[in-house]
Amino acid sequence: MDQQAQQIVDNYLESVRDLFADIESWLQGTKLSVVREETDISEGRSGTYQGPYLRLNDEKGRQVAAVRPKGAWIIAAKGRVDVEGRWETQNIVYLESPGPQAVARFVENGEDIETTFTPIFRDVTEPGWYWIEDKTRGRAHQMDRELFLDLVRVVSDYEL
Amino acid sequence: MNYDETSLDDVWTVYQVALDCHRIAKKIAPRGDEAFLAKTVFLEMNFEEAEEKIDHSMKDLDNWIVLTLWAQFEHFVVGYVREKGNVLGHTEPEAFSARLHDKFDREVGDWKKSDVLDLFKGVVEPDLIGQAKQIKEYRDWVAHRSRRRLPSSKTSPKLAFHVLKAIIEKVRAVEDSVT
């Protein structure tokens, strides 16, 4: 892995670890416990590297959901983790403030007359982990305890 | 719609455009060019996933185009046979021929398609008839995939288009020569 790719991976893993620390604190006082493991992450730009992986287990030790790092090279984001359950998977992405922008250049007679920057996602107020409610509407919700617990319910159908 | 309005060319044009759109997407998605990717399904995918989805979509598109080409072709063939069968309603005794024609008209669409294709032997080269049967076999696999074994030969949209179009053109040419 070259130095630039290594830097991207390091930044990504640091933000994943921050998110996982938040998740561990958000799940305190619920019926779920967290088991932290390591997993392989394979990407074309970096090859395979290791990162943390969370299993969310119920009181009997049965897995209800998992939070899996998916990679640092994500379209329109700086990284992604997936909340995986029995029924479905939800993506959480790391966005930098003010989020990615679609850039359009307007040219007249060979000269730039205007360049517009349109945010791809709305409501990205600071760097952090976001859940995108709908890709077309582009509405981003910053992760917090309530939203994370909702995502666990959605993917697993488990009532916390 | 008259059977003669069948247009494989329209389906082929749609396929060419869709194929080129896929090719363009395949060039753009792995670069993560956000100006083009806003409000698309590719947001939040990693680059490998995006390429995989496009490849998968292209394969499915190929199969669905074969299905659509066959549907257009079948419309032509059954319409042609139905029109040829109209003479059944104009024989004596009239009461019998009317019922015979009604029965023919109701049931001709359900005839086994390989039997219908065999009717065209003598008008169309046997090799083309054989290839059309193979396309039908592949079309059936696409439509009922879970219940059927994959046919020995895969049919590409290009092959289906050229074979089915050649049959239609041959039938039309013969028809023109006798009228």
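**Note on a predicted two-chain model**

1. Strands S4(A) and S5(A) are paired antiparallel, with 5 bridges between them. Two strands count as paired if DSSP finds at least two bridges between them. Helices (H or I, at least four residues) and strands (E, at least two) are DSSP runs, numbered from the N terminus. The two strands form a hairpin, and 3 residues lie between S4(A) and S5(A). Within this pair, Val81(A) is opposite Ile92(A) of S5(A).

2. This is a predicted model, in which local features need pLDDT of at least 70 and side-chain atom pairs count only at pLDDT 80 or more, while totals for chains, interfaces and linings use all residues. Residues are numbered from 1 along each chain as its sequence is written, and chains are lettered from A and ligands numbered from 1 in the order in which they are written.

3. On confidence, the predictor assigns the complex an ipTM of 0.70 and a pTM of 0.76. The mean pLDDT of chain B is 90, and 95% of its residues score at least 70; pLDDT is the predictor's confidence in each residue, from 0 to 100.

4. Axes are lines fitted to C-alpha atoms, for helices over the stretch in contact, and angles run from 0 to 180 degrees between N-to-C directions.

5. S3(A) and S4(A) run antiparallel and are joined by 6 bridges; Arg68(A) has Asp82(A) in S4(A) as its bridge partner. S5(A) also pairs antiparallel with strand S8 (residues 128-132) of chain A, over 3 bridges. There, Val93(A) is opposite Tyr130(A) of S8(A).

6. Next, the interface. Chain A contributes 22 residues to the contact and chain B 16 residues; two residues are in contact if their C-beta atoms, placed from the backbone, lie within 7 Å. On the side of chain A that touches chain B, the elements giving two or more residues are strands S3 (63-71), S5 (89-95) and S6 (101-108) of chain A. S6(A) gives the most, with 4 residues. By class, this side of chain A has 12 nonpolar, 6 polar and 4 charged residues. Ala, Val, Leu, Ile, Met, Phe, Trp, Tyr, Cys and Pro count as nonpolar, Asp, Glu, Lys and Arg as charged, and the others, Gly among them, as polar.

7. In chain B, the axes of helix H1 (residues 8-28) and H7(B) are 10 Å apart and at an angle of about 165°. H1(B) is therefore roughly antiparallel to H7(B); angles under 35 degrees count as roughly parallel, over 145 as roughly antiparallel, 65 to 115 as roughly perpendicular and the rest as oblique. H1(B) contributes Leu8(B), Trp12(B) and Tyr15(B) to the contact, and H7(B) contributes Pro157(B), Phe161(B), Leu164(B), Lys165(B) and Ile168(B). The contact of H1(B) with H7(B) has 7 nonpolar residues, no polar residues and 1 charged residue.

8. The axes of helix H6 (residues 126-143) of chain B and helix H7 (residues 157-178) of chain B come within 10 Å and cross at roughly 130°. H6(B) is therefore oblique to H7(B). In this contact, Leu128(B), Gln131(B), Ala132(B) and Ile135(B) of H6(B) meet Ala160(B), Val163(B), Leu164(B), Ala166(B) and Ile167(B) of H7(B). The contact of H6(B) with H7(B) has 8 nonpolar, 1 polar and no charged residues.

9. Two backbone details can be checked in loops. Glu92(B) and Pro93(B) are joined by a cis peptide bond, with omega about -10°; Pro93(B) is in the loop between helices H3 (47-84) and H4 (94-107) of chain B. Asn109(A), a residue other than glycine, has a positive phi near 50° and is in the loop between S6 and S7 (111-119) of chain A.
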